[in-house]
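Please consult the sequence and the model alongside them.

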Amino acid sequence: MKKFLAGLLLGIMVVSAVGCGKSEGELSDQAAVREYDPNDTTVYIEDECTALVGSVDDATLTDAERQRSAELRALAVEAFNLTNEQRVANGLPELVWRDDLAAVAQVRAIETVTLFSHTRPNGTEWWTVNGNIMYGENLARKFSTAAGCVNGWMNSPDHRANILSAGEYGFTSCGIAVYEDANGTLYWTQIFGY
């Protein structure tokens, strides 16, 4: 059951990642398909995929790692609240937090350690983590506080446009993840949806 839940979480995370800007959605010409068999209860989980769930509490985490994970989640929530403060200050409705967007944001935050770009390390577009839910992405790194990160986004026209997205096709939801690499550098990913 643990492997199934980890696989399900990873699937949600992989499906949800988003890149900077708004997109109507675009898929590659080919997709991977696995035949469905209702009698097959086998769950396939690779260790490297399980490792992507960096902020999810796990029995293998030490108390210190669990504490740091909670601190990183608190930074993500603080950045979300500050984002909503910016929206309200500009006469816009607050965004709704979505766990599925936060899960894909976690995947993208981890990926940006390898390649700090709206292109994924495997060469695909940012939204291919989950093209069904990802419609905007803001990235940041090396900010130590949520306030610094959100201020940085607000001082950039493109990132600001995502945060203040409004109108008929304005973003209505958001998920944020913060990942810390081995050197202590923080990588921030903000994913927007409808």
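**The sheet and its helices**

Q: In what order do the four strands of the open sheet lie?
A: This is a predicted model, in which local features need pLDDT of at least 70, side-chain atom pairs count only at pLDDT 80 or more, and totals for chains, interfaces and linings use all residues. Residues are numbered from 1 along each chain as its sequence is written, and side-chain values use heavy atoms, without hydrogens and water. Strands (E, at least two residues) and helices (H or I, at least four) are DSSP runs numbered from the N terminus, and two strands pair if DSSP finds at least two bridges between them. The open sheet has mixed pairing, and its four strands follow the order 1-3-4-2.

Q: Which are the edge strands?
A: Each edge strand pairs on one side only. The two are strand 1 and strand 2 (136-141).

Q: How do strand 2 and strand 4 run, and how many bridges join them?
A: Strand 4 covers residues 186-193, and its Tyr 187 stands opposite Arg 141. Strand 2 and strand 4 run antiparallel, joined by six bridges.

Q: At about what angle does helix 4 run to strand 3?
A: Helix 4 (residues 99-114) lies across strand 1, strand 2, strand 3 and strand 4. Angles run from 0 to 180 degrees between N-to-C directions, with axes fitted to C-alpha atoms, for helices over the stretch in contact (heavy atoms within 4.5 Å). For helix 4 and strand 3 the angle is about 35 degrees.

Q: Where is confidence lowest in the protein chain?
A: The pLDDT, the predictor's confidence in each residue from 0 to 100, averages 76 over the protein chain. Confidence is highest in strand 1 (residues 96-97), at a mean of 98. With a mean of 36, the lowest is in helix 1 (residues 2-16).
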